[in-house]
Amino acid sequence: MQKSFRTSEIPSLTECSPCTDCRPGCNETPLNTEKVTSFPEKSLEDCTGCAQCDRTCPAMLPISEAISEAREGNHEALEELYRACTGCGVCIESCPEKIPILNLIMHGARERIRKERYLIRSGRGPIQDIEIRRVGAPIVFGDILGVILLAACSNYPDGEEDVAKIADEFLKRGYIVMAAGCAAMDIALYRDEEGKTLYEKYPGDFDRGGLLNLGP
């Protein structure tokens, strides 16, 4: 059962970093995120510049540098972190001051997050045995070069663009590309020069040049 939080149980406006507008799905009196316009300066002031977040980040993101720039009023560096951050939270766990770094990143990228719209093929579940048998001969004789799986959160340098370009390259060469979890969503965020996602460019069949979303 979904828990219904009352206003007294959720963060105050001073703690809110409005990544999205939560009001449409709120069953109780919602926070008015339009009132949240100022950056959470207190969290920035708490940063001592120890760079522990940089040393522990699996993606090796320049977190301390972005926070330093945000303290000077430039939040663009935090927005850039959002593209490559996997949201693992290791930076928060390692921070001696327990600064909510993910909140800072989402706040810096809040306009980008609000405008995110993408098309994604619905998760279809596992590949069936009959589908595998159907492509057995083409794979053996080389008409289909192979099957690639892109799954979960990958630490790629340039966010969703990198994983989408990897998928696109294999698809153009005739591979079957399967995606699951965060990789499937990241692929949907990328659009080519014509404004199309890979899910619009390639069919969803388990066959040559097919792009499949297996689901979570």
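Helix α11 (residues 182-189) lies across β1, β2 and β3 and runs at about 110° to β2. Axes here are lines fitted to C-alpha atoms, for helices over the stretch in contact, and angles run from 0 to 180 degrees between N-to-C directions; contact means heavy atoms within 4.5 Å. Helices (H or I, at least four residues) and strands (E, at least two) are DSSP runs numbered from the N terminus. The model is predicted, with local features requiring pLDDT of at least 70 and side-chain atom pairs counted only at pLDDT 80 or more, whereas totals for chains, interfaces and linings use all residues. Residues are numbered from 1 along each chain as its sequence is written, and side-chain values use heavy atoms, with hydrogens and water left out.

The three strands form an open sheet in the order β1-β2-β3, with parallel pairing; two strands pair if DSSP finds at least two bridges between them. β1 (147-151) and β3 (211-215) stand at the edges with a single partner strand each, so one side of each is left without a neighbour in the sheet. On average, neighbouring strands of this sheet are turned by 25° against each other, direction ignored. Helix α10 (residues 160-172) also packs on the sheet, where it touches β1, β2 and β3, and its direction makes about 170° with that of β1.

Strand β2 (residues 176-180) is joined to β3 by four bridges and to β1 by five bridges, running parallel to β1. On the β3 side, M178 is partnered by L212 and A180 by G215.

Five of the five residues of β2 are buried, so the strand is largely enclosed by the rest of the structure; buried means under 20% relative accessible area, exposed over 50%, and partly exposed in between (1.4 Å probe, protein chains only). In a regular strand the side chains alternate between the two faces of the sheet. In β2, I176, M178 and A180 point one way and V177 and A179 the other, and all are buried.

Helix α6 (residues 101-108) is likewise mostly covered, with six of its eight residues buried. These are I101, L102, L104, I105, H107 and G108.

Overall, the protein contains 12 helices and three strands, and buried residues make up 37% of its 216 residues. Of the contacts with a separation of 6 or more, 67% are between residues 24 or more positions apart. The protein exposes about 12,800 Å², of which carbon and sulfur atoms supply 52%; accessible areas come from the Shrake-Rupley method with a 1.4 Å probe, and for residues only the protein chains shown count as cover.
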